[in-house]
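Good morning, and thank you for coming.

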Amino acid sequence: QVPMVESGGGLVQPGGSLRLSCTDSGSLLRSSAMGWYRQAPGKQREFLAGITVGGISNYKETVQGRFIISRDNAKNSVYLQMNRLKPEDPAVYSCHRFGATDPWGQGTQVTVSP
């Protein structure tokens with residue numbers, strides 16, 4: 001399986017918003033439960049949000065209410081809307097299929113700075 005491709009990261013001020021996208025050059029994303037994760041320097045990768053094929057979502061408590069995961073199966077894409085970004089949110093953000101052994105993609109860098 002080819003890694004997912006993430007995009008949409010960048011530099012944003014505290015309190016700002018970003019929308020990340022995840023696409024799949026194959027066709028497995030649309031039939032898979034998906035998750036967004038992040039890894040900050042020197043830290044373990046952490047789960048942030050997940051979404052089933054049917055659109056049921058769940059979140060890590062620390063991002064609940066600020067981040068929104070969504071998907072468009074027709075476009076073979078999953079999104080992460082990030083609002084009210086905080087200084088502790090910078091990391092490389094990645095998406096991945098739940099339970100899969102696919103290689104991880106390169107992710108997209110999110111930086112939060114005044």
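Predicted model: local features only at pLDDT ≥ 70, side-chain atom pairs only at ≥ 80, totals over all residues.

Let me begin with Arg 38. Leaving aside its neighbours within four places in sequence, Arg 38 is in contact with Gln 44, Arg 45, Glu 46, Leu 48, Phe 67, Glu 88, Asp 89, Ala 91, Val 92 and Tyr 93, where contact means heavy atoms within 4.5 Å.

Residues are numbered from 1 along each chain as its sequence is written, and side-chain values use heavy atoms, with hydrogens and water left out.

Where does Arg 38 lie? Its place is in strand β4, residues 34-39. Strands here are DSSP runs of E with at least two residues, helices are runs of H or I with at least four residues, and both are numbered from the N terminus. Is Arg 38 buried or exposed? Arg 38 is buried, with a relative accessible area of 8%. The term buried means under 20% relative accessible area, exposed means over 50%, and partly exposed lies in between, with a 1.4 Å probe and protein chains only.

I turn now to charge pairs. Side chains of opposite charge can pair when their charged atoms come close. How many salt bridges does a search of the whole structure find? The search finds five, a salt bridge being a side-chain nitrogen of Lys or Arg within 4 Å of a carboxyl oxygen of Asp or Glu. One of them joins Arg 38 to Glu 46, with the closest N and O atoms 2.6 Å apart, and both of these residues are buried. Another joins Asp 89 to Arg 66, with the closest N and O atoms 2.7 Å apart. Asp 89 lies in the loop between β8 (77-82) and β9 (91-97), and Arg 66 in the loop between β6 (57-59) and β7 (67-72), so this pair ties together parts that are 23 residues apart in sequence. Asp 89 and Arg 66 are both buried. Through shared partners, salt bridges join Arg 38, Glu 46, Lys 60, Arg 66 and Asp 89 into one network. A further salt bridge links Arg 97 and Asp 102, whose closest N and O atoms are 2.6 Å apart; both residues are buried.

Next, the sheets. The protein has zero helices and ten strands. Six strands form an open sheet in the order β2-β10-β9-β4-β5-β6, with mixed pairing; two strands pair if DSSP finds at least two bridges between them. At the edges stand β2 and β6, each with a single partner strand, so one side of each is left without a neighbour in the sheet.

Within this sheet, β10 deserves attention. Strand β2 (residues 10-12) runs parallel to β10 and is joined to it by three bridges, with Val 12 opposite Val 112 and Gly 10 opposite Val 110. Strands β9 and β10 run antiparallel and are also joined by three bridges; here Ala 91 stands opposite Val 110.

Six bridges pair β7 with β8 in the antiparallel sense, and Asp 72 stands opposite Ser 77 in β8.

Finally, the chain as a whole. Of its 114 residues, 42% count as buried. Among contacts between residues at least 6 apart in sequence, 53% join residues at least 24 apart. The C-alpha atoms fill a box of roughly 40 × 25 × 20 Å, taken along the principal axes.
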